[in-house]
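Work through the following exercises with the model open. Each task is followed by a solution in steps.

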Protein chains: 2
Amino acid sequence: MPKPTFFNLPKKKRDHLIQAATDEFSRVPLNEASIANIVKNADIPRGSFYQYFEDKEDAFYYLLEQKMESHQDNFSTILKRNQGDLFDSFITTFINMLTEFQVEENLNFFRNAFLNMNYKMESKITNGFNKPKFDKKFESILTEVDIQKLNIKDEQEVIHVLQIIAAVTTHNLMQNFAKKYSFEEAIDNYTFEMSLLKKGLYKEDDDHK
Amino acid sequence: MPKPTFFNLPKKKRDHLIQAATDEFSRVPLNEASIANIVKNADIPRGSFYQYFEDKEDAFYYLLEQKMESHQDNFSTILKRNQGDLFDSFITTFINMLTEFQVEENLNFFRNAFLNMNYKMESKITNGFNKPKFDKKFESILTEVDIQKLNIKDEQEVIHVLQIIAAVTTHNLMQNFAKKYSFEEAIDNYTFEMSLLKKGLYKEDDDHK
DNA sequence: TTGACAAATGACAGTGTGTCACTTATCATG
DNA sequence: CATGATAAGTGACACACTGTCATTTGTCAA
């Protein structure tokens, strides 16, 4: 998290800094980004940067969280609108994200982010799918999910369902940037994989073999 | 790939360098690792490193590929032994990997690798699951898979099945390092998720709703 | 013995990081 | 209004690491 000083900044200066950081992380992935460039673009002295952030990771993850927040907040609403259907809700969210990624201004930031997705980033993005005890957002999602539809025997197991969907979703987003699929191809691939997940990868006929 | 010079090195010197690099990548993740440390440990001049590798990424990905090669090579054999059953084969491979990761000597290398897994690394690990046209290993796997068992209508769609399993598998491996599951917990989680994948996340009863 | 080619070497320029002593701004209080 | 305390701003600096390149050393065929 940024230091308190950052949040005390006048909005204009803060936004300017955010823009400069976004530009740098859009130009190159996190590991190649340099604070030197950010402060040059933001036109602030080097020392100031360290008043606001611990280091460049701090700045990057703050930005990422910001840009993902809306999707997380919406998810609960989308779930409700879809009568607790997890899959429909994920597909809607997937399309929302994809749409946002199309915007020229965001494209490179997210490309750099997703092609260098690691555990920490994934945690920020799927925020809370794995810490039911601490996260309120997660709890509110859990209560919305229509568990009756799911092929599980108790609520404990919902976590596995979420883990699976999250894994396949982030994997799809990653692949999209790597393979440069068109908007339509991306959605087709994702919905197909979601349908496979729903109905199972195995044929059900028990008489086989 | 390392430069030809690297492969011309006498085995002893090459192994010593490999060990030094492994040590450094076990100490810290790729982005924090330094060539300065590697050459110090390997006791070779800095310039020599650049005779052998393009940069530290080159060295890292070479090591990673080396350490993953056996699992990839075995997969085809394992598939055959399991009568083309993808899931059983993946579970076997998962356990093999987990076993290898337990070894003190490998533990930190793989921890650093998996917690910083990105697209490029995943490609090295799931090597070829997404480029059927070019990869021989992949072709040989494809012919072994018993497609009859799978819930798909043509061979084209196998790729999606593989993508899904690969996504869930790497996700599980990542989580293991992050959550520090025990060997048994890890296997239980994975086999459960695999069984969910097989039978589907949704209840089949069509009369619902 | 020589010459040509490959490999080894380490000094060096360039770039970036995080810190710290110092300066400037803000603001409550006597 | 003056003062002092606290917070924020600043940029020079020491340190670390990278990639290169001119030079040296080694190898081997003619």
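**Exercise 1.** Which elements of chain A and chain B each supply at least two residues of the surface near DNA strand D?

Solution. The model is predicted.
Step 1. From chain A, the elements are α1 (4-8) and α4; from chain B, they are α3 (35-42) and α4.
Step 2. Among these, α4(A) gives the most, with four residues.
Step 3. There are 17 residues around DNA strand D, and the nearest are A:Pro45, A:Gly47, B:Ser34, B:Ile35 and B:Tyr50.
Step 4. Sorted by class, the surface near DNA strand D has six nonpolar, seven polar and four charged residues.

**Exercise 2.** Find how many residues surround DNA strand C and which are the closest.

Solution.
Step 1. DNA strand C is surrounded by 16 residues, and the closest are A:Ser34, A:Ile35, A:Tyr50, B:Pro45 and B:Gly47.
Step 2. Two or more residues each come from α3 (35-42) and α4 (46-52) of chain A, and from α1 (4-8) and α4 (46-52) of chain B.
Step 3. α4(B) provides the largest share of this surface, four residues.
Step 4. The class division near DNA strand C is five nonpolar, seven polar and four charged residues.

**Exercise 3.** Describe how helix α5 and helix α9 of chain A pack.

Solution.
Step 1. Two packed helices are described by the angle between their axes and the distance between the axes.
Step 2. For α5 (residues 56-81) and α9 (residues 136-144) of chain A, the angle is about 15° and the axes are 9 Å apart.
Step 3. Angles under 35 degrees count as roughly parallel, so α5(A) is roughly parallel to α9(A).
Step 4. The crossing of α5(A) past α9(A) is left-handed.
Step 5. On the α5(A) side, the contact uses A:Gln72, A:Phe75, A:Ser76, A:Leu79 and A:Lys80; on the α9(A) side, A:Lys137, A:Ser140, A:Ile141 and A:Glu144.
Step 6. This contact has three nonpolar, three polar and three charged residues.

**Exercise 4.** How many residues does the contact take from chain B and from chain A?

Solution.
Step 1. Chain B gives 30 residues to the contact and chain A gives 30 residues.
Step 2. On the side of chain B that touches chain A, α10 (158-179) and α11 (183-199) of chain B each supply at least two residues.
Step 3. The largest share of that side, nine residues, belongs to α10(B).
Step 4. By class, the side of chain B that touches chain A holds 15 nonpolar, nine polar and six charged residues.

How values were computed
Residues are numbered from 1 along each chain as its sequence is written. Chains are lettered from A and ligands numbered from 1 in the order in which they are written. This is a predicted model: local features need pLDDT of at least 70, side-chain atom pairs count only at pLDDT 80 or more; totals for chains, interfaces and linings use all residues. A residue is near a molecule or strand if its C-beta atom, placed from the backbone, lies within 6 Å of it. Ala, Val, Leu, Ile, Met, Phe, Trp, Tyr, Cys and Pro count as nonpolar, Asp, Glu, Lys and Arg as charged, and the others, Gly among them, as polar. Axes are lines fitted to C-alpha atoms, for helices over the stretch in contact, and angles run from 0 to 180 degrees between N-to-C directions. Angles under 35 degrees count as roughly parallel, over 145 as roughly antiparallel, 65 to 115 as roughly perpendicular and the rest as oblique. A crossing is left-handed if the near helix is turned anticlockwise from the far one by less than a right angle, and right-handed if clockwise. Two residues are in contact if their C-beta atoms, placed from the backbone, lie within 7 Å.
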